[in-house]
Amino acid sequence: MTPDQLNFVVLAACAVLLAGVAAVRISSRSGMPGLLLYLAIGLVIGEAGLGLEFDDGQLAYNLATIMLAILLTDGGFTTNWRDLRPVAARSGLMASVGVLLSVAVAATLAMLLLGIDLRTAILLSAMVSSTDAAAVFSVLRRLPIKTRVRTTLEGESGFNDPPAIIIVTVVVSDAWNEGSIIAMIGTGLYQLVIGILLGMVIARLGQILLSRISLPASGLYPLATLAIAMTAFAVAGIAGASGLLAAYAAGLWLGNQALPHHRATEGFTEALGWLAQIGLFVMLGLLASPSELPAAVVPALVIGSALTFVARPLSVFLCLTPFKVPWREQVFTSWAGLRGAVPIMLATIPLTVGLPDARHMFHVIFLLVVTFTLLQGPTLPLAARLTRVTQPLTPNEVHFDSSPMEGIHASLVQFQVPEHSKLIGLHVSDLRLPRGAVISMIVRGQDILIPDGGRRLRGSDKLLLAVPAHLVERTQNRLLLLSEHGMLARWLEGGRNRRALIGGRTRQDPEA
């Protein structure tokens with residue numbers, strides 16, 4: 001490649017990226033899910049548009065898997081475990097049993113209505129049986145809905161990709177003809193359980209490493225955090241477990257710890273998540289051939305309708321009713337089961353093994369995702385209001401950031417007093433921080449103030465604290481309690497109303 005050709009490639013890549021960024025703005029104003037715009041960009045620059053040809057199914061699958069691992073890492077990192085913990089069981093049930101129920105119902109209807117064989121019906125149904133993390137995270141986090149509803153859907157979308165991938169992989173392989181049902185179930189359980197365990201263990205080891213070393217630049221901490229999550233992804237894959245689930249579990253663990261430069265890392269993973277999401281959908285749009293889409297219209301509508309209006313509501317009802325989830329929340333949960341990158345990515349698996357009608361199946365799934373995302377995505381705000389799952393947003397969040405101090409086993413903790421916090425008006429001496437934690441300075445606007453005991457705190461004051469490493473979490477929890485309860489914190493601390501620090505941020509849900 002000549003230097004001029006390289007410059008044109010870079011220019012084209014930057015133009016696509018800027019178009020993707022502009023699409024985010026358009027989608028946020030119009031309510032249209034951004035993934036549809038990214039797919040449209042891929043179609044425009046593809047073989048039917050500007051003429052760029054891309055038909056390598058294996059390369060598309062490999063790249064999509066890596067980008068999805070980055071997306072799941074970001075999704076896990078920005079998920080509050082305190083919110084997820086109460087709904088983890090229902091999310092896990094929907095991500096496992098719910099997926100199997102959806103596949104069974106949708107495949108049965110597909111065979112009856114389309115007259116296709118069992119293997120093709122299961123393949124098409126399994127490809128679209130899981131909700132998509134990229135779509136769910138990007139759409140639901142812009143809606144003011146109840147935390148438990150949003151977190152249930154986020155947890156489901158984070159956990160349910162591996163079961164769908166396992167089903168599709170088994171069905172397209174020789175195991176479909178040779179393997180037993182028990183062996184398939186055992187393989188699936190192994191991949192899920194070992195994937196979660198490896199993700200958690202590697203993330204825990206990475207957390208210990210990051211908390212004990214002082215890197216020369218703050219920008220190295222986000223890179224190290226991402227490397228830890230992707231190490232979990234790779235190790236799980238080598239062990240024959242689910243790498244995607246390991247990446248999500250690692251991101252979930254790391255995001256809910258008091259890591260050094262936590263806020264910088266969160267911003268970094270969010271940026272990479274957007275980059276992966278844009279690249280993923282643009283690439284999948286490139287893989288589609290518009291001339292082959294008309295033949296896919298009928299099966300896409302039939303399978304999509306069977307899944308959206310029959311299989312999904314039934315699986316949600318059977319999985320959530322034992323948890324006594326109100327019917328309104330069940331209705332919204334059913335309608336918010338968005339499809340996106342994962343189904344299209346799974347549709348590339350038959351392409352990689354040369355399965356008959358693989359191209360047709362790909363275009364069926366592609367058209368199904370576009371059609372039903374266009375139907376469901378823009379109507380979610382209305383659905384949330386009709387089912388009464390909305391709640392006011394809580395903008396006042398408590399943020400902490402910390403970094404190890406060179407040479408000693410201690411950390412610098414930064415904390416900003418939120419507006420309307422009950423810390424406002426308290427004296428420094430009222431804070432009663434754990435013995436050994438010291439406020440080094442208070443920054444108020446452009447002024448640096450001495451933190452003597454008689455000084456009162458104001459909104460937006462920035463506190464810089466030197467804290468022994470083993471007291472960082474206790475100190476942050478103490479400030480969190482004071483911010484929420486003021487002087488009552490001394491009676492609440494250690495009691496049942498204590499709120500554990502979650503990744504340097506808090507979220508309140510009156511419905512939890």
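Is S460 buried, exposed or partly exposed? S460 is partly exposed, because its relative accessible area is 31%; buried here means under 20%, exposed over 50%, and partly exposed anything in between, using a 1.4 Å probe and protein chains only.

First, the ground rules. This is a predicted model, in which local features need pLDDT of at least 70 and side-chain atom pairs count only at pLDDT 80 or more, while totals for chains, interfaces and linings use all residues. Residues are numbered from 1 along each chain as its sequence is written, and side-chain values use heavy atoms, with hydrogens and water left out.

Now the overview. The protein has 22 helices and five strands. Helices (H or I, at least four residues) and strands (E, at least two) are DSSP runs, numbered from the N terminus. There are 512 residues, and 52% of them are buried. Contact, from here on, means heavy atoms within 4.5 Å. Of the contacts with a separation of 6 or more, 79% are between residues 24 or more positions apart.

Next, helix packing, starting with α13, which runs over residues 243–255. Its axis and that of α12, residues 220–238, come within 7 Å and cross at roughly 150°. Axes are lines fitted to C-alpha atoms, for helices over the stretch in contact, and the angles run from 0 to 180 degrees between N-to-C directions. The pair is therefore roughly antiparallel. For the terms: under 35 degrees counts as roughly parallel, over 145 as roughly antiparallel, 65 to 115 as roughly perpendicular, and the rest as oblique. The crossing of α12 and α13 is right-handed. A crossing is left-handed if the near helix is turned anticlockwise from the far one by less than a right angle, and right-handed if clockwise.

On the α12 side, the residues are T225, I228, A229, A232, F233, A236 and G237, and they meet G243, L244, A246, A247, A250 and L254 of α13. That contact has ten nonpolar residues, three polar and no charged. Ala, Val, Leu, Ile, Met, Phe, Trp, Tyr, Cys and Pro count as nonpolar, Asp, Glu, Lys and Arg as charged, and the others, Gly among them, as polar.

A246 counts as buried because its relative accessibility is 0%. Leaving out residues up to four places away in sequence, A246 touches G195, G199, A232, F233 and A236. From A246 to A236 is ten residues in sequence and 6.5 Å in space, C-alpha to C-alpha.

α13 also packs with α3, residues 57–77; the two axes come within 7 Å and cross at roughly 30°. That makes α3 and α13 roughly parallel. Their crossing is right-handed. From α3 the contact takes T65, L68, A69, L72, T73, G75, G76 and F77, and from α13 it takes L244, A247, Y248, G251, L252, L254 and G255. By class there are nine nonpolar, six polar and no charged residues.

α2 passes α19 in a left-handed crossing. L35, L36, L39 and L43 of α2 make the contact with F366, V369, V370, T373 and L374 of α19. Eight of these are nonpolar, one is polar and none is charged.

Then α8, residues 147–159. Its 13 residues reach 18 Å from first C-alpha to last, close to the 18 Å expected at 1.5 Å a residue; the expected span is 1.5 Å times one less than the number of residues. Twelve of the 13 are buried, so α8 is largely enclosed by the rest of the structure. Among the buried ones are R150, E154 and E156.

In α14, residues 262–287, we find I278. I278 is buried, at 5% relative accessible area. Beyond its neighbours within four places, I278 is in contact with L17, G20, V21 and Y38. V16 is 262 residues away from I278 along the chain, with 8.9 Å between their C-alpha atoms.

Last, backbone angles. Most residues other than glycine have a negative phi. S460 is not a glycine and has a positive phi of about 75°. S460 sits in the loop between β4 (447–449) and β5 (462–468). K324, also not a glycine, has a positive phi of about 55°. The loop holding K324 lies between α15 (297–320) and α16 (327–335). K324 is exposed, with a relative accessible area of 75%.
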